[in-house]
Amino acid sequence: MVHLTRKLLSGITLAAMLGVAAVSTQANAATLQMAWSQDATGLDPHKQTAFSSLRLLELIYEPLVRVDASLQIIPAIATSWEFSKDGKELTFKLDSKAKFQDGTGVTSADVKASFERILDEKTGAAARANFLSIASIDTPDATTVVFHLSQPDVPILTAMSDVNAAIVPASEIKAGSIGTKAVGSGPFKLDKWDPNAKEVLSANKDWAGGATGVDGIEISVLPDEAAILAAMRTKQIDFALLNDPLVATLVPKEASLQLNRVPVLAYHVLQLNPSRKPMTELKVRQAISCAIDRQEVLDTASLGEGKVTGPLTIPALATDPSQLFCYKRDVEKAKKLMSEAGYADGFSATVIGATGEPPTAAAEAQVIQSQLAEIGVKLDIKMMELNVYVDAWLKGDFDMAIALNGGRADPYTMYNRYWTKAGNLQKVANYIDDTLDSQMQKGRAETDPAARKAIFAEFEKHLAEMSPWIWLYTSYSYTAQQKNIAGFVPTPTGTLFSLSKVTIQQ
Amino acid sequence: MNYLMRRLATFPLVLLGVSILVFVAIRMVPGDSITAMLGTEAGLLTPAQRDSLAAYFGIDQPWFVQYWRWIGGILHGNLGISVTYGRPVLDVIVERFPLTLELAILSMIIALAVGMPAGIFAATHNEKLSDLGVRIVAMIGQSTPSFVLGLLIIYTLSAGFGVLPAMGEFAPLWQDPLRNLSQLILPAITLGFAFAASVTRISRSAMLDVLSDDYVRTARSKGASARSVIWRHALPNALIPVVTLSGIEFGYLLGGAVIVEQIYALPGLGRMVLDAIQQRDYALVQGAVLFIAFNFMIVNLLVDLAYVALDPRIRLGEP
C-alpha cells in the first residue's frame with residue numbers, strides 16, 4: 001500500500017512537472033487528436049501519391065464518387081451516374097448542395113476544369129494515365145456532366161473515386177493556387193499545415209454530407225511509432241495510423257485502446273526481372289515460386305499479420321490462393337524445374353529492398369534468401385534508402401526486388417500499368433505476354449460483373465503460372481484508437497474518410 | 001583582434017567549399033524531387049509531364065546553372081524557396097533553430113553540471129571503489145545509444161506512470177516557458193546523459209594529469225587546503241580539454257539531434273534536414289547545411305577564444 005501510494009505520488013509529481021496535456025484535451029473535447037509517423041508531402045490532390053497525403057486530402061477534397069468498405073461505388077459530389085449502352089458515354093448528376101469551402105457551389109464547370117487539369121501534361125497529374133480514354137467533356141447544365149470516351153472503359157468509374165481525381169474549383173485552377181491553398185468540398189477545412197509537424201483541420205459547416213461528428217482534427221507527426229503508442233497510453237492521442245505490425249500488435253495489450261485492422265489492397269511481392277538471365281527462363285521463375293513458402297515469409301517477417309495472396313487482392317474478385325500455381329511449397333518440384341532449365345547448381349542474384357518501406361522489407365528478403373538457398377539460389381540482399389530504391393525500380397535496374405505495391409479497387413487500373421503492352425510501367429515489369437494483354441483489354445470493356453470476374457480469374461491464374469513476380473501476402477492497415485471514439489469504419493483502401501462521422505464519447 | 005579578423009576572413013572560403021560539397025552530394029544521390037513526391041507512381045508520367053514537374057522543382061537546368069543561381073541568390077541574402085514548405089528556406093530554418101539551440105544549451109548544462117563534478121570526484125578518489133563506480137556509469141552512458149535511452153524513458157513514463165510531455169506541436173520558450181521546458185527536459189536528459197559521460201571521462205583524466213603536476217605539489221606543500229588546490233589551482237588548467245570536447249559536442253548538437261528529435265517528435269533542425277533529404281528538397285538541404293556549417297565555425301572560434309581566457313600563456317595566431 002505504501003509502495004502504491006508512493007508510486008501514485010511520484011506519478012502525480014511527474015505529471016505536474018511535465019505539464020501533462022490531459023487538461024488541455026478535455027477543454028476542447030470535440031477535437032480529435034490524431035497522430036501518424038509520416039506526414040503528407042503536399043496539398044495538390046492531383047499530384048500527391050504518398051499514403052499520408054492521400055489520407056489528408058480525402059478529408060478536404062471530394063471526388064465525384066467514392067468506394068465504400070466493400071469497394072462498391074457510392075455517391076460523393078455526384079448523386080447518380082450512368083453508362084450509355086455502348087459504354088462510351090458516362091453521365092453524372094451532381095449534388096446541387098455541394099459547396100466548396102470558399103462558399104461557392106460545385107458546378108459542372110468545376111468538374112470539367114478539374115479533369116482538363118488532370119489530362120493536361122503540364123500538370124504532372126499522377127492519375128492521368130487512368131483517364132486517357134476521355135475524348136471530351138460536356139456540361140449541358142450546372143449539375144450535369146457527360147464524359148465522352150474514345151472506347152468503352154468500365155474501370156474509369158472506379159478511378160474517379162480516387163482523391164487523385166478530386167474536383168477542385170475552376171477559379172483556383174485559373175489562379176494557379178492548387179497546391180498552395182486547399183479549397184475542397186470535403187468534410188474538413190485545412191486551417192494550418194506545418195509540414196512534418198502538424199495539421200489542423202476544422203469542420204466544414206457547409207459540407208453537403210451533413211454535420212461532422214467532431215469540431216476538428218489535429219494531426220501530429222510523431223515519427224517514432226513506439227512514441228505514438230506511448231502518447232496513446234497517456235491519452236494525448238485519440239486516433240493514430242500505424243504502419244509497423246510490431247507496434248500494432250502491442251495495441252490490444254492496452255486496456256483503453258482498440259486496434260482496427262483490415263486487409264488492404266496493396267500487396268507484398270518479390271518482383272523477378274524476366275529480362276535478366278536466368279529469370280528469362282519460365283522454369284527458373286516457376287522454380288522460385290515453388291521454392292518460396294509464402295506463409296513462412298508472412299509469419300516470420302510480419303508476425304503472421306496478413307494473408308497469403310495471389311495477384312488479385314480485391315476480395316470480390318480474388319481466387320483462393322491454394323488454387324494457384326505452386327502456392328504450396330514444393331522444393332523437389334523446384335529443384336526439378338531448376339535442373340530442367342539447366343541451373344541444377346543454382347545461380348547468384350541480387351535482391352533490392354527499401355529500408356523501412358515497408359518496415360518488413362529486410363525481414364522478407366532474409367526469409368526468402370534462406371528459402372531460395374535450398375534450391376541453390378544465392379541471394380545477395382541490398383537495402384537502399386526509399387528514393388534510391390524507387391530510382392532503381394523505375395529503371396527496372398534489379399535482378400529481384402522486394403516491393404509493396406499499391407492496389408486499386410479495379411483490377412484493370414491496378415495492373416494495366418505492368419501487364420499490358422502499352423503499360424507505363426512495362427519497363428519495370430519487363431515481361432510481355434499476349435495472353436495477359438488481351439485479358440486486360442477484354443476486362444476493360446466488359447460491363448457484365450460476372451463475365452468480368454471470369455476474365456480476371458483467368459488473368460490471375462495465368463499470371464501466377466508465368467511467375468514474372470512472386471506474390472506473397474497482403475498485410476493489414478492499422479489504426480489504433482481510444483475506446484471512447486465511435487464510428488470509424490476501416491476500409492481496404494485505407495481511407496480515413498469515415499473520420500467525418502466519428503464522435504468522441506464522454 | 002588581428003587573429004579574429006583573419007579567422008573571420010576565412011569563413012566565406014570555407015562556406016564556399018561547403019556549398020559546393022553539399023550541392024554536389026545531394027545531387028549525386030539517385031532519385032530526385034519528382035520520385036520523392038510520386039514514389040513509384042513517377043513511372044506513370046509522360047516525358048512532357050516530367051519536364052513540367054522538373055521546371056516546377058527548378059531541376060530542369062544543368063547543374064552549374066542551378067548552382068550559379070543558388071550562389072547568386074545567397075549573395076543577395078536569399079537561400080531559395082523550400083518546395084515542401086512553400087516558404088523561403090531562411091524562414092524555415094530560423095523557425096526551427098531556436099528549438100535546436102535551446103536543446104543544445106540544455107544538454108550542455110546537464111552534461112557539465114553532472115559530468116564535471118563526477119569527473120573531479122573520480123579523479124580525487126583515484127583507484128578507489130567510488131572512482132570505479134563513476135567510471136562504470138560513464139562507460140554505460142557513453143555506450144548507450146540515444147534511441148535506446150529515449151525509448152526507455154518514454155516507455156517507463158507512459159506505461160509506468162501514465163504521463164508524457166505533450167508531443168507533436170512545440171511550444172516556444174517565450175510563449176509558454178513551462179510547456180516548453182516540459183517538452184525539452186527529457187530529450188535534453190537523453191542527449192545530456194551520453195554527453196555527461198564523455199565530460200566525466202575527460203575531466204577525470206585531465207584532472208589526474210594536472211594533479212600530478214609540480215605546481216600542484218608546490219601548492220600542497222605550501223599548505224593550501226585540498227579544496228583550494230582542486231578548485232583554484234588544478235581546475236582551470238584541467239578545463240582546456242573539457243572546453244574542447246564541449247565545443248565540438250555543442251557544435252554537433254547545433255546541427256540537430258536527429259534521433260532524439262525523431263523519438264520525441266521535436267521539430268528541430270536535425271529532423272528538418274532528414275525530411276528534406278528524403279523529400280529531395282534541394283534548396284532546404286543546401287541552405288540548412290550551410291547554416292549548420294556556419295554555426296560550427298562560430299563555435300570553433302569561440303572555443304579558441306576561450307583557451308586564451310583560460311590560459312593566458314596561449315597566444316592565438318602567433319607562431
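Which residue in β5(A) is the bridge partner of Glu82(A)? Keep that one in mind while looking around; point 3 has the answer. Here are my notes.

1. Before anything else, bear in mind that this is a predicted model. For 506 residues, a compact globule would have a radius of gyration near 23 Å, and chain A comes out at 24 Å, so the two agree.

2. How much of chain A is buried? Buried residues make up 53% of its 506 residues. As for who touches whom, take the contacts in chain A with a separation of 6 or more: 69% of them are between residues 24 or more positions apart.

3. Now to the opening question. In chain A, four strands make an open sheet, in the order β4-β5-β7-β6, with antiparallel pairing. β4 (78–83) and β6 (134–141) of chain A sit at the edges, each pairing on one side only. On average, neighbouring strands here are turned by 20 degrees against each other, if you ignore direction. Helix α4 (residues 108–119) of chain A packs on this sheet and touches β5, β6 and β7 (144–149) of chain A. The direction of α4 makes about 165 degrees with that of β6(A). Looking at the β4(A) end, five bridges join β4(A) to β5 (residues 89–94) of chain A, and these two run antiparallel. The partner you were looking for is Thr91(A), which bridges to Glu82(A).

4. Is it covered on one face or on both? Both: Phe239(A) and Leu241(A) are buried on one side, and Ala240(A) and Leu242(A) are buried on the other. β11(A) also has strand partners. It runs parallel to β1 (residues 31–36) of chain A, joined by two bridges, and Ala35(A) stands opposite Ala240(A). With β18 (residues 469–482) of chain A, β11(A) pairs in the antiparallel sense over four bridges; there, Leu242(A) stands opposite Tyr478(A).

5. Lys192(A) faces Val200(A) across the pair. Three residues lie between the strands, and in this hairpin Asn196(A) takes a positive phi near 60 degrees.

6. Over in chain B, try the helix pair α10 (residues 226–254) and α13 (residues 282–310), whose axes come within 9 Å and cross at roughly 170 degrees. Angles over 145 degrees count as roughly antiparallel, and α10(B) and α13(B) are therefore roughly antiparallel to each other. The contact includes Leu239(B), Val243(B) and Phe250(B) from α10(B), and Ile292(B), Phe296(B) and Tyr307(B) from α13(B). Sorted by type, the residues of this contact are 13 nonpolar, five polar and no charged.

7. Last, where the chains meet: 49 residues of chain B are in contact with 49 residues of chain A. On the chain B side, the elements giving two or more residues include α3 (47–57), α8 (177–211) and α12 (269–278) of chain B. Which element gives the largest share of that side? That is α7(B), with seven residues. By type, the chain B side divides into 26 nonpolar, 17 polar and six charged residues.

Conventions: Residues numbered from 1 in each chain as written. Chains lettered and ligands numbered in written order. Predicted model: local features only at pLDDT ≥ 70, side-chain atom pairs only at ≥ 80, totals over all residues. Axes fitted to C-alpha atoms, helices over the stretch in contact; angles between N-to-C directions. Parallel < 35°, antiparallel > 145°, perpendicular 65-115°, else oblique. Contact = placed C-beta atoms within 7 Å. Nonpolar A, V, L, I, M, F, W, Y, C, P; charged D, E, K, R; others polar. Pairing = 2+ DSSP bridges. Rg over C-alpha atoms; globule rule 2.2 N^0.38 Å. Buried ≥ 20, exposed ≤ 12 C-beta atoms within 10 Å, placed from the backbone.
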